[in-house]
Amino acid sequence: HAEKYGPLSLLHFDAHVDTWDDDGERLDHGSMFLRALREGIIVPERSVQVGIRSLSDEDYGFTVLDSPWVHEHGTDNTVARIKEVIGDSPTYLTFDIDCLDPAYAPGTGTPVVGGLTTDKALKIIRGLKDVNIVGFDLVEVNPAYDHADITALAGATILLEFLYILAHQKRKAMTPD
């Protein structure tokens, strides 16, 4: 995506910051965004992390809307703050399922209590329909840890909302002003 659009804004929903330092050789699920920042793939000043519960001493220039902030300020203020930071820049959206509280997504490898409800997450995502999202993913769904398929259902629903956003953007681009 960065090859096509240039350095991107990152909109990162997660329980973890994923900016832990590494040796520059390996790439893992806890350090990839620090690596992307260092490689100039993402612009931290125009990037937001949402739902974080394992804070780091260094934010590396990212705007961090941790889970307590989202719970206190609500979904409308969360969406407004995301839009304020990202503006109209090309944005890659990544959603780690452990952004959700384990009550709503138990099927993940590193659950952390105090996360978002599916309702809050969906409201925030729906509020992003006019953000310039150029790519997205959903990660860390592990059905082996969820006998009731709650996590898979949440993940599938979130991905469906992303597809609605793409459809909205395509329709908007095709409609003359």
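Guide: This is a predicted model. Start with helix α5, residues 150-174. The helix has 25 residues. From its first C-alpha to its last, α5 reaches 36 Å. That is close to the 36 Å expected at 1.5 Å a residue.

Now look at its buried side. T151, A154, G155 and I158 are buried in α5. An α-helix has 3.6 residues a turn, so residues three or four places apart point the same way. Keep that in mind when you trace the list along the helix. What do the buried residues of α5 pack against? Their partners are β4 (91-96), α4 and β5 (133-139).

Step back to the loop between β5 and α5. E140 has its place there, and D149 lies in that loop as well. Check the backbone at both. Most residues other than glycine have a negative phi, and most peptide bonds are trans. E140 is not a glycine, yet its phi is positive, about 70 degrees. D149 also has a positive phi, near 65 degrees, in a residue other than glycine. E140 is partly exposed, with a relative accessible area of 24%. D149 is partly exposed too, at 48%.

Next, follow α4, one of the partners of α5, to another helix. Two packed helices are described by the angle between their axes and the distance between the axes. The axes of α3 (residues 67-86) and α4 (residues 118-126) come within 9 Å. They cross at roughly 20 degrees. Angles under 35 degrees count as roughly parallel, so α3 is roughly parallel to α4. The crossing is right-handed.

Which residues make this contact? From α3 come V70, H71, T75, T78, V79 and I82. They meet K120, K123 and I124 in α4. By class, the contact of α3 with α4 has four nonpolar, three polar and two charged residues.

One more residue of α3 deserves a look. E84 lies in this helix. Is E84 buried or exposed? E84 is exposed, with a relative accessible area of 58%. E84 and L153 are 69 residues apart in sequence. In space, they are 31 Å apart, C-alpha to C-alpha.

How values were computed: Residues numbered from 1 in each chain as written. Predicted model: local features only at pLDDT ≥ 70, side-chain atom pairs only at ≥ 80, totals over all residues. Heavy atoms only, no water. Axes fitted to C-alpha atoms, helices over the stretch in contact; angles between N-to-C directions. Helix = DSSP H or I, 4+ residues; strand = E, 2+ residues; numbered from the N terminus. Parallel < 35°, antiparallel > 145°, perpendicular 65-115°, else oblique. Left-handed = near helix turned anticlockwise from the far one by under 90°. Contact = heavy atoms within 4.5 Å. Nonpolar A, V, L, I, M, F, W, Y, C, P; charged D, E, K, R; others polar. Expected span 1.5 Å × (residues − 1). Buried < 20%, exposed > 50% of the residue type's maximum accessible area, 1.4 Å probe, protein only.
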